[in-house]
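Please open the structure in your viewer and keep the selection tool at hand.

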Amino acid sequence: MSVPTTSLPGTMRAWVVARPGPLETRPLRLVELPVPEPGPGELLVRVLACGVCRTDLHVTEGDLPVRRPRVVPGHEVVGEVVAVGPTPERPDARRPAADGTLAVGDRVGVAWLRHTCGECAYCRRGAENLCPRSRYAGWDADGGYAEYTTVPAAFAYRLPEAYDDVDLAPLLCAGIIGYRALRRASLPDGGRLGLYGFGGSAHLTAQVALAQGATLHVLTRGTKAQELARRLGASSARGAYDDPPEPLDAAILFAPVGDLVPVAMRALDRGGVLAVAGIHLSDVPELVYETELFYEKELRSVTSNTRDDGRELLGFAADHPLDVDAHPYPLDRADEALADLKAGAFAGAAVLVP
């Protein structure tokens, strides 16, 4: 391990999922853990901010199967590189660092996608998000609800300089996944886009779509979220089960509510596309072919992201300043931040600050 610019402590504060279950059962525990050592090709990162994502809630409550017992959640990390692991004995030339060589002192981003094999048919064709051997921060490996974390250098991102740490954190999953979902929705130029749910990811995706000339309609619960949507430029903001004021060319479902799939499909114009952005969705009711699928309507899922998605979103953010609605919480209140996310207590995104 390279010598860090400052001496490192032996232990750190971190939250672990002690036993997945409803938040009311207190599945998260704040503990002391050893500061991890970066392995070959990895970076040790001091966490400066970590976004609170709905996927963290799914990991904590057991909606997603356990991949790593007592995992540290978190995959929207802004941090400073404090040490670099040894060079791999057999470096893979097909897997360069995400944004060039990274060194001690650099500010970097750690996102959801942490590893792909680089060898399967999906990786070779540029669809690494479908890699069967993919691994993820805060699920397969310890993430950012801690004072330090590690990341393979090939999956770390350089970050736009104009944003502070707290505002950058939500871009690293909410922003990237929303960006991929927008691409999957195939919105035509100047098209009419509907967003179902309006939290951390949707409020960033909305700004990307508006900058690209879309007309935006937001369908979501909660007056705070509707007010934020209008402030950001939505032409309308209504309840999640309401009809938009006009047929939609495309829609994205951010709320993990399967009941909204037929609602959104009925709202699509002929040839429209609905993209489902979440990693978890409650059961989808039976669809009626004539009203919800006919006229070449399409239903698509979104699975993780590629590193190119991350680079493109961060490049867009550098050129088009995004208004990030971030709500900081101290690291010691991570369980409260997750509870507030589940309850819809805020619009935008929560961010932990060690």
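A salt bridge is counted where a side-chain nitrogen of Lys or Arg lies within 4 Å of a carboxyl oxygen of Asp or Glu. The model shown is predicted, and a search of the whole structure finds 20 salt bridges.

Select Arg-266 and Glu-292 to begin. These two residues form a salt bridge, with their closest N and O atoms 2.6 Å apart. The pair links distant parts of the chain, since Arg-266 belongs to helix α7 (residues 260-267) and Glu-292 to helix α8, 26 residues apart. Arg-266 is partly exposed, at 44% relative accessible area, whereas Glu-292 is buried, at 3%.

Next, select Arg-192 and Asp-269. Their salt bridge has its closest N and O atoms 2.9 Å apart. Because Arg-192 lies in strand β10 (residues 192-196) and Asp-269 in strand β14 (residues 268-276), the pair ties together parts that are 77 residues apart in sequence.

Now select Tyr-289, Phe-294 and Tyr-295, which make a nonpolar surface patch of about 330 Å². Tyr-295 is found in the loop between α8 (289-293) and β15 (298-301). With a relative accessibility of 40%, Tyr-295 counts as partly exposed.

Finally, select helix α1 (residues 54-61) together with helix α10 (residues 334-343). Their axes come within 10 Å and cross at roughly 105°. Angles of 65 to 115 degrees count as roughly perpendicular, and α1 is therefore roughly perpendicular to α10. Which residues of α1 meet α10? Arg-54, Asp-56, Leu-57, Thr-60 and Glu-61 in α1 meet Leu-338, Leu-341 and Lys-342 in α10.

Key. Residues numbered from 1 in each chain as written. Predicted model: local features only at pLDDT ≥ 70, side-chain atom pairs only at ≥ 80, totals over all residues. Heavy atoms only, no water. Patch = residues over 30% accessible without salt bridge, like charges linked within 9 Å, V, L, I, M, F, W, Y side chains within 5 Å. Areas by Shrake-Rupley, 256 points an atom, 1.4 Å probe, with all protein chains shown as cover. Helix = DSSP H or I, 4+ residues; strand = E, 2+ residues; numbered from the N terminus. Buried < 20%, exposed > 50% of the residue type's maximum accessible area, 1.4 Å probe, protein only. Axes fitted to C-alpha atoms, helices over the stretch in contact; angles between N-to-C directions. Parallel < 35°, antiparallel > 145°, perpendicular 65-115°, else oblique. Contact = heavy atoms within 4.5 Å.
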